[in-house]
Amino acid sequence: MNPVKYTKEVVKEGRRIRWPKRDQLIPAIVVVIIISAFAALFLTLEDLTAASLINQLRNAFQR
């Protein structure tokens, strides 16, 4: 596909999108940030727990 034609079609589609209003957008952004923070915290705790368990196993089987 021709890059110029592709770009024109992308711009054309972008103009047809109904973008959300600010009063709808802000709560959605807040929800995304909260979920991301929760996931980051959960994965960090999971990683620390796994590292601790691996270290305990390593220490238990050392000679």
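Hi everyone. Let me start with a term: a residue counts as exposed when its relative accessible area is over 50%, and as buried when that area is under 20%. Keep in mind that this is a predicted model.

With that cut-off, take Arg16. Its relative accessible area is 59%, so Arg16 is exposed. Glu13, at 42%, falls in between and is therefore partly exposed. Side chains of opposite charge can pair when their charged atoms come close. Here, Arg16 and Glu13 do form a salt bridge, with an N to O distance of 3.0 Å. Both sit in helix α1, which covers residues 3-16, and they are 3 residues apart, about one turn of the helix. How many salt bridges turn up in a search of the whole structure? The search finds 1.

Now, the overall picture. The protein has 2 helices and 0 strands. Its radius of gyration is 24 Å, well over the 11 Å that the globule rule gives for 63 residues, so the protein is more spread out than a compact globule. The C-alpha atoms fill a box of roughly 70 × 40 × 10 Å along the principal axes. And how much of the chain is buried? Of the 63 residues, 0% count as buried.

On to the surface. Ile34, for one, lies in helix α2, residues 22-60, and is exposed at 54%.

Last, the charges: 10 positive and 5 negative, with mean positions 8 Å apart.

Definitions and conventions. Residues numbered from 1 in each chain as written. Predicted model: local features only at pLDDT ≥ 70, side-chain atom pairs only at ≥ 80, totals over all residues. Heavy atoms only, no water. Salt bridge = Lys/Arg side-chain N within 4 Å of Asp/Glu carboxyl O. Helix = DSSP H or I, 4+ residues; strand = E, 2+ residues; numbered from the N terminus. Buried < 20%, exposed > 50% of the residue type's maximum accessible area, 1.4 Å probe, protein only. Rg over C-alpha atoms; globule rule 2.2 N^0.38 Å. Lys, Arg positive; Asp, Glu negative; His and termini not counted. Charge placed at Lys NZ, Arg CZ, Asp CG, Glu CD.
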